[in-house]
Amino acid sequence: MIRVFFAEWCKLRRPTLLLGTMGAVLGVTALVTSLLFLLIDSPRGNSDRGIIISRELLALPSGITIGFSSSAGLLGLVALCVFAAQTAQEYTYGTLRNLLVRQPRRITLLLGKFSAMTSFALISVIVSAIVSISLAYALSGKAEVDTAAWSTSDARIAFLHTFINVFISVIAYGTVGMILGLLFRSPISAISLGVAWLLVIENIIAATVKNSGKWLPGQLISTIASGGDINASYTHAILIMAAYLALGAVFAGILFHRRDVAD
């Protein structure tokens with residue numbers, strides 16, 4: 001599996017993919033964090049869905065992590081696209097057959113690829129955290145937010161919890177992307193269907209069907225990133241999402257193990 005890991009990183013470190021992905025991560029994090037501070041006095045809100053996050057809330061020890069946490073959904077979509085594309089393109093380009101010649105144990109190949117992409121996602125989360133915190137400090141003066149509590153031990157604990165939750169949510173998005181890539185064997189189909197469901201269809205269902213948010217994968221991942229919300233507890237979100245991903249991974253793994261490569 002170690003050899004598969006490093007072989008996958010040969011593709012992941014290509015400048016077009018590595019720099020393009022990190023540029024997207026930097027852009028979405030900078031956008032979300034900047035709007036949080038620059039629109040702090042806007043009556044239309046400065047966060048997702050018009051939510052108003054006040055100076056008092058930002059001044060709390062956990063305030064330094066709000067921009068980072070709010071970026072989790074967009075970071076997850078980036079991860080979904082990377083995981084789906086890196087998985088499905090093996091079928092599109094016909095390279096899967098060559099990989100299986102070198103590593104005939106298919107599940108080992110799959111685990112090696114997943115481990116490499118997980119480490120890639122970890123780097124993107126670290127980049128996002130650095131950008132978000134740097135911008136928070138840079139814009140706090142303009143927004144007149146008191147940053148004294150940001151250097152306390154409570155702030156460091158809050159950051160650690162947020163980092164873990166964001167990383168889990170990003171990996172969940174990525175795992176969904178990989179499962180879709182294995183099922184559809186086409187990057188375009190896997191990405192478009194995944195984004196359409198998570199961004200559009202789920203939001204419509206959650207807005208029209210009462211209590212549906214606590215069972216929808218995308219809504220559960222958002223709950224994990226935020227550490228729990230009014231729709232579902234953190235524990236509920238973790239358990240249900242873990243069950244979804246486990247079932248999806250087992251099904252996709254069996255399909256990958258048994259399906260003809262040339263099919």
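**Close-up views of a predicted model**

**View 1. The largest nonpolar core.** The largest nonpolar core of this predicted model has 35 residues, and those with the most contacts inside it are Leu-12, Phe-68, Leu-75, Val-166, Val-170 and Phe-256. A nonpolar core is here a set of buried Ala, Val, Leu, Ile, Met, Phe, Trp, Tyr and Cys residues joined through side-chain atoms within 4.5 Å, where buried means under 20% relative accessible area with a 1.4 Å probe and protein chains only. Two or more residues of this core come from each of helix 1 (2–12), helix 2 (15–38), helix 5 (72–92), helix 6 (96–102), helix 7 (106–143), helix 8 (153–184) and helix 11 (234–258), the helices being DSSP runs (H or I, at least four residues) numbered from the N terminus. Helix 7 supplies the largest share, 8 residues.

Residues are numbered from 1 along each chain as its sequence is written, and side-chain values use heavy atoms, with hydrogens and water left out. Because the model is predicted, local features need pLDDT of at least 70 and side-chain atom pairs count only at pLDDT 80 or more, whereas totals for chains, interfaces and linings use all residues.

**View 2. Surroundings of Leu-75.** Leaving aside neighbours within four places in sequence, Leu-75 is in contact with Val-25, Val-28, Thr-29, Phe-68, Ser-128, Val-166 and Val-170, contact meaning heavy atoms within 4.5 Å.

**View 3. Helix 1 against helix 5.** Helix 1 and helix 5 pack with their axes 12 Å apart and at an angle of about 105°, which makes helix 1 roughly perpendicular to helix 5 (65 to 115 degrees). Glu-8, Lys-11 and Leu-12 of helix 1 make the contact with Val-82, Gln-86, Gln-89 and Glu-90 of helix 5.

**View 4. Helix 7 against helix 8.** The axes of helix 7 and helix 8 cross at roughly 140° and come within 9 Å, so that helix 7 is oblique to helix 8. Residues of helix 7 including Leu-110, Phe-114 and Ile-133 meet residues of helix 8, among them Phe-159, Val-166 and Leu-182.

**View 5. The loop at Ser-151.** Ser-151 is found in the loop between helix 7 and helix 8, and, leaving aside neighbours within four places in sequence, Ser-151 is in contact with Tyr-137 and Arg-156. The C-alpha atoms of Ser-151 and Pro-61 are separated by 7.8 Å, although these residues are 90 residues apart along the chain.

How values were computed
Buried means under 20% relative accessible area, exposed over 50%, partly exposed in between (1.4 Å probe, protein chains only). Axes are lines fitted to C-alpha atoms, for helices over the stretch in contact, and angles run from 0 to 180 degrees between N-to-C directions. Angles under 35 degrees count as roughly parallel, over 145 as roughly antiparallel, 65 to 115 as roughly perpendicular and the rest as oblique.
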